[in-house]
Amino acid sequence: MSASTPATNPWYREPWPWLLMAGPAIVVVAGFITLGLAIHSSDGLVADDYYKEGKAINMTISRDQRAQELGYAASLTPSTDGRILLSFAASSPNTAQLQLTLHHPTRAGSDHVLQLVRTTPGTYLGSLADFSRSRWGMTIEDGTRTWRLTGSWNPGDTRVALGHQPVKP
């Protein structure tokens, strides 16, 4: 009796080599996709002039202290129709316009700078049509940049406190 050898398929017709090669192939493709994302998107968290920004911290702290010395404290109320109302608590600046800067926490390209116009003493009004519902840092300052009030807005907040708020008993 002669022993017959089983018929074997070529390697490319067997499932196991393809299954073993699929894992490394997927990793290589994912690596190229990650490389493409890294090249084409900007890193908004890294400042180009980080040293100058670090030195400027003392200047901004003095602007915060100046606002506190003047007794400035305000609340900002964004509405659903894009209007922004700024109301000062006790003392308020005597300027016709203030600048509101909305800082996005991760994307500098999404920041907005708005001019708020005084409607009555201690009340300023502005508008922003595309105010997205995400977290924002807010800065209010006058035209000469001698003082500033800061705060942050979180989704769901109906009012933002800016500056040093007095403690109520």
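**The strands and the contacts around them**

Guide: In strand 5, L125 is the bridge partner of V117. This is a predicted model, in which local features need pLDDT of at least 70 and side-chain atom pairs count only at pLDDT 80 or more, while totals for chains, interfaces and linings use all residues. Residues are numbered from 1 along each chain as its sequence is written, and side-chain values use heavy atoms, with hydrogens and water left out.

Strands (E, at least two residues) and helices (H or I, at least four) are DSSP runs numbered from the N terminus. Two strands pair if DSSP finds at least two bridges between them. Strand 4 and strand 5 (residues 123-127) meet this rule with 3 bridges, in the antiparallel sense. The hairpin of these two strands has 2 residues between the strands, and G122 there takes a positive phi near 85°. On strand 4 (residues 112-120) there is also an antiparallel pairing with strand 3 (residues 97-103), over 6 bridges. Within strand 4, V113 stands opposite T101.

We may now turn to a loop. L70 is located between helix 3 (57-69) and strand 1 (73-78). Leaving aside residues up to four places away in sequence, L70 touches S91 and W147, where contact means heavy atoms within 4.5 Å. L70 and S91 are 21 residues apart along the chain, and their C-alpha atoms are separated by 7.5 Å. Residues are called buried under 20% relative accessible area, exposed over 50% and partly exposed in between, using a 1.4 Å probe and protein chains only. L70 is therefore partly exposed, at 29%.

A pair of aromatic rings is described by the distance of the centres and the angle of the planes. Rings of Phe, Tyr and Trp (its six-membered ring) pair if their centres lie within 6.5 Å; planes under 30 degrees apart count as stacked, over 60 as edge-to-face and the rest as tilted. The structure holds 6 such pairs. In one of them, the centres of W11 and Y12 are 6.0 Å apart and the planes stand at 85°, so the arrangement is edge-to-face. W11 is exposed because its relative accessible area is 53%, whereas Y12, at 45%, counts as partly exposed. F88 and W147 also form an edge-to-face pair, with 6.4 Å from centre to centre and 80° between the planes. This second pair links distant parts of the chain, 59 residues apart: F88 belongs to strand 2 (residues 83-88), and W147 to the loop between strand 6 (136-141) and strand 7 (148-153). Both are buried: F88 has a relative accessibility of 9%, and W147 has 3%. Together with Y72 and Y124, F88 and W147 form one aromatic cluster.

A salt bridge is a side-chain nitrogen of Lys or Arg within 4 Å of a carboxyl oxygen of Asp or Glu. By this rule the count is 4. One of them joins R63 and E141, at 1.9 Å from N to O. Its partners are 78 residues apart, with R63 in helix 3 and E141 in strand 6. R63 is buried, as is E141. Helix 3 also holds D64, which is linked to R148 in strand 7, 84 residues away; the closest N and O atoms of this salt bridge are 2.7 Å apart. D64 is partly exposed, at 27%, but R148 counts as buried, at 19%. E141 has a further salt bridge with R145, at 3.7 Å between the closest N and O atoms. R145 is partly exposed, at 49%.

Finally, let us return to W11, in the segment before helix 1 (15-40). W11, Y12, W18 and M21 form a nonpolar surface patch with about 490 Å² of accessible area together. Patches are made of residues with over 30% relative accessible area and no salt bridge: nonpolar side chains (Val, Leu, Ile, Met, Phe, Trp, Tyr) are joined within 5 Å, and like charges within 9 Å. The accessible areas come from the Shrake-Rupley method with a 1.4 Å probe, and for residues only the protein chains shown count as cover.
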